[in-house]
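Please look over the structure shown here.

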Amino acid sequence: MSDGDCLFCRIVARELPAEVVLDRDEVLAFRDVNPQAPTHVLVIPKQHIASLEAVAEHHGELLAALVAAVNQVARADGVAGGFRVVTNIGRAAGQSVDHLHLHVLGGRPMSWPPG
Ligand code: 5GP
Ligand code: ZN
C-alpha cells in the first residue's frame with residue numbers, strides 16, 4: 001500500500017532521489033536531507049503507515065525488521081553502542097512527514113532531554 005502524495009512513498013517508489021543505505025523486502029533506510037548529526041538516517045517501512053501510533057499487533061514482524069535495520073545502519077556507520085533512535089508522532093512532537101520513520105542519530109554527543 002502506498003500513497004502517491006506521500007514524500008516517503010515516493011522515495012520508496014524511486015520517484016524521488018535519496019541516498020539509500022539499506023534496502024530490504026519491507027524496509028528502506030536513507031540519509032536525512034537535513035542531517036542533525038554526522039549519522040542521520042531515516043529507517044522506514046515500505047508500506048505507508050502514518051506514524052508509530054498506527055502500528056498494531058499484526059505489524060510485529062515489520063517492527064522487528066525495522067529494528068534490525070536500525071541496528072544494521074548503526075553498525076555500518078560505526079556508531080553501534082552509542083546512538084539515538086527517535087520517532088516523532090504528530091505535529092506537537094515535530095512530525096513533518098506522515099509516513100512512519102525512525103531517525104537514527106549518532107556520531108556526536110547527545111544531550112537529554114531533547115527539545
Ligand atoms: P520528522 O520531522 O517528520 O520527524 O522528520 C522528517 C525528516 O525528513 C526531517 O528530518 C527532514 O529533514 C527529512 N526529510 C524531509 N524531506 C526529505 C527528503 O525529500 N529527503 C530526505 N532524505 N529527507 C527528507
Ligand atoms: Zn507514505
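The report below takes the sheet, the ligand shell and the backbone in turn.

## Basis of the model

This is a predicted model: local features need pLDDT of at least 70, side-chain atom pairs count only at pLDDT 80 or more, and totals for chains, interfaces and linings use all residues. Residues are numbered from 1 along each chain as its sequence is written, chains are lettered from A and ligands numbered from 1 in the order in which they are written, and side-chain values use heavy atoms, with hydrogens and water left out.

## Sheet and helix

Five strands form an open sheet in the order E1-E2-E3-E5-E4, with antiparallel pairing. Strands here are DSSP runs of E with at least two residues, helices are runs of H or I with at least four, and both are numbered from the N terminus. Two strands pair if DSSP finds at least two bridges between them. The edge strands are E1 (20-23) and E4 (83-86), each pairing on one side only. From one strand to the next, the twist averages 20 degrees.

E2 (residues 27-31) and E3 (residues 39-45) run antiparallel and are joined by five bridges. Leu 28 stands opposite Ile 44 in E3. Helix H2 (residues 60-76) lies across E1, E2, E3, E4 and E5 (102-106). H2 runs at about 160 degrees to E3. Axes are lines fitted to C-alpha atoms, for helices over the stretch in contact (heavy atoms within 4.5 Å); angles run from 0 to 180 degrees between N-to-C directions.

## Ligand 1

Ligand 1 is surrounded by 16 residues, each with a heavy atom within 4 Å of the ligand. The closest are Asp 32, Asn 88, Gly 94, Ser 96 and His 103. The shell divides into seven nonpolar, seven polar and two charged residues. Ala, Val, Leu, Ile, Met, Phe, Trp, Tyr, Cys and Pro count as nonpolar, Asp, Glu, Lys and Arg as charged, and the others, Gly among them, as polar.

Polar contacts are pairs of N or O atoms within 3.5 Å. A polar side-chain atom of Asp 32 lies 2.4 Å from an oxygen atom of ligand 1. A backbone N or O atom of Arg 31 lies 2.9 Å from a ligand nitrogen atom. For Val 33, a polar backbone atom is 3.3 Å from a nitrogen atom of the ligand. The protein covers 81% of the 520 Å² of accessible area (Shrake-Rupley, 1.4 Å probe) that ligand 1 has on its own. Helix H1 (7-12) and E2 are the elements that give two or more residues to the shell. H1 gives the largest share, three residues.

## Backbone

Most residues other than glycine have a negative phi, and most peptide bonds are trans. Arg 14, in the loop between H1 and E1, has a positive phi near 60 degrees. The peptide bond from Trp 112 to Pro 113 is cis, with omega near 5 degrees. Pro 113 sits in the segment after E5.

Technical notes
A polar contact is a pair of N or O atoms within 3.5 Å; within protein, one must be able to donate a hydrogen and the other to accept it, and residues adjacent in sequence count only if both atoms are side-chain atoms.
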